[in-house]
Amino acid sequence: QICNQHNAEAPNLEQALHRMAQTEPNLDHDVSWFLLPSYWAKMVVALISFLCFANSYDGDFVFDDSEAIINNKDLRAETPLGDLWHHDFWGSKLSSNTSHKSYRPLTVLTFRINYLFAGGFYPVGFHVINIILHCTISVLMVDVFSILLGGLQFSNKGRRLNLAPKTSLLAALLFAVHPVHTECVAGIVGRADLLCALFFLLSFLGYCKAFRENKEGHNFSMFWVLVSVILGAIAMLCKEQGITILGLNAVFDALVINKLNVLELIQKLLHKDKSLENAGLLRKGLLFRITLLMSGGASILYIRWRIMGTGPPAFTEVDNPASFADSLFVRAINYNYYYSLNAWLLLCPWWLCFDWSMGCIPLIKSVSDWRIIALVALWFCLIGLICQALCSEDSHKRRILTLGLGFLIIPFLPASNLFFRVGFVIAERVIYLPSIGYCVLFTYGFSLLSKQAKKKKILAVAVLGILLINVMRCALRSSQWRSEEQLFRSALSVCPLNAKVHYNVGKNLADKGNQSAAIKYYREAVRLNPKYVHAMNNLGNILKERNELQEAEELLSLAVQIQPDFAAAWMNLGIVQNSLRRFEEAEQSYWTAIKHRKKYPDCYYNLGRLYADLNRHIDALNAWRNATVLKPEHTLAWNNMIILLDNTGNLAQAEAVGREALELIPNDHSLMFSLANVLGKSQKYKESEALFLKAIKANPNAASYHGNLAVLYHRWGNLDLAKKHYEVSLKLDPMAPGTKENYNLLRRKLEQLQKKGS
């Protein structure tokens, strides 16, 4: 018997007509936990999930956000919306061999909407949407867990009944405050997982609605089954994991709607029993609905494969070392070890890291490795749960355990390396959906303990303590995701062997101008991974700027030897060789870089500088012109063209190039300055003066701007203004070359004029 107070939505519960074959035992009966009306339970879950991650709302763009958002041209208004359907998550063409193949156009569309509403790359709006999405998902989890834990039953008015209000609230709270979700919520790129989860849950709830109007279980709503398939497709367009909901809907249909006993069915199949209909396989249209789900899933996957254009993405050994192991045994052992670590993150989410690759988890190469114990423990627990799920005489227990294991395992399958190689070792974001299954199993275990425990309140206090610890851990981890410095440094203690962690700390320090500290971390990254070409490239760059050219050349030469198509390293090697005055080698390095990256404006710019140093002026101008064609806002290339043409006496050409550049980049003060110099030499004093003044207004502390304007006034005969700007220039830079001499000439001329006047 179920008490009225257990469901505020169905006050006449005792008189309700349940549309299921039998009434199951009440999971809440022995649980000492809060009993709240449905809307209050959802309000509590929403509030607590908000409190966990609220402090991430004003965080920066961090880690992968740069590539997926800031550098993604698909977010900008000038990119046609249609391109989103042909590009991957990072903005590259899906047909490209270098594409990541992560096809998530709906997620990118939400980023684009964020960008347009904010009027630019302001992270607050992006973070707020992520927090709202997690709160919404957590609220939906109350309904989902009420079905998973209490079963699917309806009143005579067609209203779904919550038969496990206490345990569904507990499970939803466990989900809402799980620290492993921080990456999805506080990291903006986690939007993909959140949107996928939202439509994943809506698909599941929609599938449940298909049975709302049953008459003794013989009918179902085809409309809601199709809606469920469509919502599953939308979930997949947010992230690939979304397609797994169709398999879970089929499992739910078999176990809950049709009360299928899997063990009994297997026995009948083994004994070739023809009475499969009695086993529930054909009853209530199950076979038809599963066929519909499978057909829908197959169609979605086929379309997805066609859109992808080519084969799966090409990952490197550092991304997923186990998948590159020659031995099948080594691969299998390490995959299973990764599974055990994912399970441990669900059980004890204390050691969290933004990246688990590059040596963070050394490979297990022998059975004598003590870490084998972890995967043995994992399979011991899984086999025990599976046996209980299949063999238990309690249908209620079988259903909950099977659904819990289904939600734990099935959404994780795309990340398991079983069907294709994935580009990571462990990724906390992919545990977002599997954590649903963990919460089901945890809550069911809590109910079993409560049934046996004499002091139920002590057990409830312990669980409440776990929730509070998780809330605090979420708040702490969210604060670490607020900035790259905090995020990267937090990983040093978790994954000290991860070369990428040291690389990212070094890069963050270098971006802030702390080159000495950055060198230390880059060197450690190279020590941990001697083939880490990106760390070599960045370290070589810093050494080049510090004029430590020999070591810079050694590092960059090694980088291109390890990865011959590394265009950036070839370009930087060319810059070093140019500084060492080995011009032929530098030119060859630049052209090799361009060979591997056809559209490389910075390389053309540096090639132009080399040609200018060699007095190959036409080649220099052509190289800089290529740079501006590929990147019209390349200010340095435009300036160098103007200055070279000016210095070689081609004032008309210099003026034409300067005007062309200013049309494309109208607010660049350095271009105004360069063109003003040309116009002054062409005796177009008025126009030159206007550009100088405009440049000075944009950058008032540039001594050269005031000095060259003074020269213009000097030539023009406007001596008082010339004197004023010479003095400003010397005040800003007393050592400015030529300015002091010109100022002294002007003073002598003014003195002569005064003598003549007197």
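Visitor: What share of the contacts in the chain with a separation of 6 or more comes from residues 24 or more positions apart?

Guide: Happy to start there, and please keep in mind that this is a predicted model. The chain has 758 residues, and its secondary structure comes to 32 helices and zero strands. Among contacts with a separation of 6 or more, the share from residues 24 or more positions apart is 66%.

Visitor: Which residues lie nearest the centre of the second largest pocket?

Guide: Good one to look up in the structure above. This pocket has a volume of about 990 Å³, and its lining is made up of 38 residues. Elements giving two or more residues to that lining are α12 (328–347), α13 (372–391), α14 (395–409), α15 (435–452) and α16 (456–480). Nearest the centre of the pocket are Ala-343, Leu-378, Leu-382, Leu-385 and Leu-408.

Visitor: Is Thr-402 buried or exposed?

Guide: Thr-402 is found in helix α14. Leaving aside residues up to four places away in sequence, Thr-402 touches Leu-255 and Ala-389. Its relative accessibility is 18%, and the cut-off for the buried class is under 20%. Therefore Thr-402 counts as buried.

Visitor: How far apart are the mean positions of the positive and negative charges of the chain?

Guide: The chain has 78 positive and 61 negative charges.

Terms used. Residues are numbered from 1 along each chain as its sequence is written. This is a predicted model: local features need pLDDT of at least 70, side-chain atom pairs count only at pLDDT 80 or more; totals for chains, interfaces and linings use all residues. Side-chain values use heavy atoms; hydrogens and water are left out. Helices (H or I, at least four residues) and strands (E, at least two) are DSSP runs, numbered from the N terminus. Buried means under 20% relative accessible area, exposed over 50%, partly exposed in between (1.4 Å probe, protein chains only). Contact means heavy atoms within 4.5 Å. Lys and Arg count as positive and Asp and Glu as negative; His and the chain ends are not counted. The place of a charge is taken as NZ of Lys, CZ of Arg, CG of Asp or CD of Glu. On a 1 Å grid over the protein atoms alone, a cavity is a set of points where a 1.4 Å probe fits but cannot get out, and a pocket is an open set with protein on both sides within 12 Å along at least five of seven lines; lining residues have an atom within 4 Å of a point. Grid points are joined across faces, edges and corners, and a volume is the space filled by probe spheres set on the points.
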